[in-house]
Amino acid sequence: MILTVLVTLLCGCASSRRQVAAPPDTGALGLLLDEWTAAWSSNDVSRLTRLFTEDVYYEDVPLGAVSRGRPALAGFATSVFDGFANLKFERKSRFVSADGRVGAIEWVFRGRQVKDFPGMAATDKPFEVRGSTIVEFRDGRISRNSDYWDLATYMRQVGLAR
């Protein structure tokens, strides 16, 4: 009798270890990336920040700007929304890995810079720059975001470089 109970317990423990987590909903993560471009085009900080985890690591590589956590990201987004008029992001393509851990977006960024940024005087001239974003996902949100875009082309288009 004791042997039967022990075998049953051991089999139950072994089978519970074999349970696999539900596969990620890559379709929902793809829609999250679509919302990323819409949110950056919306001029709405809360619409943008809700896409990210509380402890998000957000990096704009060309600007050397790093935001750690949602409040810091909100501050960065506010400065971008305040600094650019007619800000629009157009998604060209997106990708979510089969395991749902990482993704990427290719986009075009358009607008006019109307406020100065460090090293970037506002010229109020229109620009159109290609870029991409690499993300990591956790619990259906973006936990890490790295933006890469062509700063040299931007500077030429707005008259800050030749």
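Where is D139 found? Select D139: this residue is in the loop between β5 (126–138) and β6. Helices (H or I, at least four residues) and strands (E, at least two) are DSSP runs, numbered from the N terminus. D139 has a positive phi of about 55 degrees, although it is not a glycine. Most residues other than glycine have a negative phi. D139 counts as exposed because its relative accessibility is 74%. Exposed means over 50% relative accessible area, buried under 20%, and partly exposed in between (1.4 Å probe, protein chains only).

A note on the source: this is a predicted model, where local features need pLDDT of at least 70, side-chain atom pairs count only at pLDDT 80 or more, and totals for chains, interfaces and linings use all residues. Residues are numbered from 1 along each chain as its sequence is written, and side-chain values use heavy atoms, with hydrogens and water left out.

Next, select S143. It sits in strand β6, residues 141–149. Is S143 buried or exposed? S143 counts as buried, because its relative accessibility is 10%. Now show its contacts (heavy atoms within 4.5 Å). Leaving aside residues up to four places away in sequence, S143 touches T53, D55, V56, Y57, E136, F137 and R138.

Stay in strand β6 and pick Y148. At 39% relative accessibility, Y148 counts as partly exposed.

Move to N43, in the loop between α2 (26–40) and α3 (45–49). Its phi is near 65 degrees, a positive value in a residue other than glycine. N43 counts as exposed, at 53% relative accessibility.

Now select α2 itself. Which residues are buried in α2? They are L29, G30, L32, L33, W36, T37, A39 and W40.

Finally, zoom out. The protein has five helices and six strands. From the N terminus on, the elements run α-α-α-β-β-α-β-β-β-β-α. Buried residues make up 37% of the 162 residues.
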